[in-house]
Amino acid sequence: MLMSEGMSWFQFVLHFALNLSALTFGIRITSLVITGVHSVPIIVTIWIAVNVLWSVVLAHPTGVVASSLCSLFALMCVFDFLRRKRGSERTSIEAIRCLSLFSLGLRSGKSISAVADHVLKNHRADFSNEVLKLLEVVAFSQQEIAPASSLTLQKLQKTLLHAAKERHHACLFLENFREELFLLQTFRHRSGQATLQVRMQAYICAALYVFLLVLLTHWLGWSSVQPIFFPSLILMLLGLFTLSLLGRKRKWKT
Amino acid sequence: MEDLAPPLSLLLKVRYGLLAGRSLRVTLQEALASSDDSEFHQALRKWWALREAGQREGFEGLLAGQSIYRVALFQLLSEGLEGVSLLDSLKTLEAEIRRAMEAELGEFVAALPLKSLAPLILFIFPSLMLVIFGPLIMNLMEAF
């Protein structure tokens, strides 16, 4: 279908890569300038408009639309993955910050609900909505609360509510939980740094492979590349799979 | 290595429980209620069931193959359930386990570059060579 409209596979991949990078950099730069989630719809709207114009100019709309949709899908997958990954890290950092504020407040003689109220008034910008809801429950304890989405938040919820009930040991509960989170974060950070090198190797090799394959297809044509495509792809996938296994979660022997 | 080592996780739960004024039995029951299906927690559940049934014989079999820190923790908990004071020993064991975790992580980090060489040499490098030189070799073969 693409070929019949005059768009080669090389053009398709090139357009896909250009779309992907334009979207990524567009969202990144706009979020830096505007700051806020609203930058994403703006940039996607601009991107759709540019692609519609582009499809008119190039006169093969199917190819342009297909590659644009592919790039949007790829970007959404990457963003979703990053959001989930950074979400758990951010939650842990927020929980530690929250526990530190509570610990300091309790040590200075305030009650747990007074500290929650203080945090809600003065540190609202530092926390996500989910943590803020939890703090509201602690500050105004008559409210009902739904279980939190992440395990760390569930533990934070349990610890804060438990500390609010058992006031004699409140500070101890909070500081112990904070210490546990610190420890977990330290180990995660160290193992993350180690596996980052392996992941980067995998990404660079995959990018180099795709680049070479596209270049060869463009220069020599698909018929020359076809006999080596499947053996090389299988080898590359095996390599990437083995590399990803090395950087995976592993069991402690201790 | 996303979580803490299971013995440290249990030890922290027990220590915090004791510091909060709860009994060791209650703290262990809470830890058992929130335990997962890992090898360590299965051993913990069996150990608890044996203790509750009043049997002392099967402990050695349960601890076979476990690390010295896990065995030490089980021994400490057994002593604690018999009335021996635990807090100081738990603190010492916690420091030991942390040191062992750091050493294990250090070993993992040191071995990783060497391990990652294997897939690079066995799979990725041949794949790239195939892409780079494949068409050239095929053309040469056709020429001769």
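Predicted model: local features only at pLDDT ≥ 70, side-chain atom pairs only at ≥ 80, totals over all residues.
The predictor assigns the complex an ipTM of 0.72 and a pTM of 0.67. For chain B the mean pLDDT is 84, and 96% of the residues of this chain reach 70 or more.

Contact between the two chains involves 46 residues of chain B and 46 residues of chain A. The area buried between them is about 4,400 Å². Carbon and sulfur atoms give 71% of this area. Seven residue pairs are in polar contact between chain B and chain A, with both residues at pLDDT 80 or more. The side of chain B that touches chain A draws at least two residues from each of the helices α1 (6–19), α5 (68–81) and α6 (87–143). Of the elements of chain B, α6(B) gives the most to this side, with 29 residues. Sorted by class, the side of chain B that touches chain A holds 31 nonpolar, five polar and ten charged residues.

The relative accessible area of B:Ser116 is 2%. Because the limit for a buried residue is under 20%, B:Ser116 counts as buried.

Over all chains, the whole structure contains eleven salt bridges. Two salt bridges are counted between chain B and chain A. In one salt bridge between the chains, B:Arg98 pairs with A:Glu179, and the closest N and O atoms are 2.9 Å apart. B:Arg98 also meets B:Glu94 in a salt bridge, at 3.0 Å from N to O. B:Glu94 and B:Arg98 both belong to helix α6 of chain B and are four residues apart, so about one helical turn separates them.

Other salt bridges lie within chain B. The side chains of B:Glu82 and B:Arg51 form one, with the closest N and O atoms 3.9 Å apart. B:Glu82 lies in the loop between α5 and α6 of chain B, while B:Arg51 lies in helix α3 (residues 39–52) of chain B, so the pair ties together parts that are 31 residues apart in sequence. B:Glu82 is exposed, with a relative accessible area of 54%. B:Arg51, in contrast, is buried, with a relative accessible area of 13%.

A further salt bridge joins the side chains of B:Arg22 and B:Glu30, at 3.5 Å from N to O. B:Arg22 is partly exposed, with a relative accessible area of 23%. B:Glu30 is also partly exposed, and its relative accessible area is 39%.

How values were computed
Residues numbered from 1 in each chain as written. Chains lettered and ligands numbered in written order. Heavy atoms only, no water. Contact = heavy atoms within 4.5 Å. Buried area = accessible area lost by both parts, 1.4 Å probe. Salt bridge = Lys/Arg side-chain N within 4 Å of Asp/Glu carboxyl O. Polar contact = N/O pair within 3.5 Å; in protein donor to acceptor, adjacent residues only side chain to side chain. Nonpolar A, V, L, I, M, F, W, Y, C, P; charged D, E, K, R; others polar. pLDDT = per-residue confidence, 0-100. Buried < 20%, exposed > 50% of the residue type's maximum accessible area, 1.4 Å probe, protein only.
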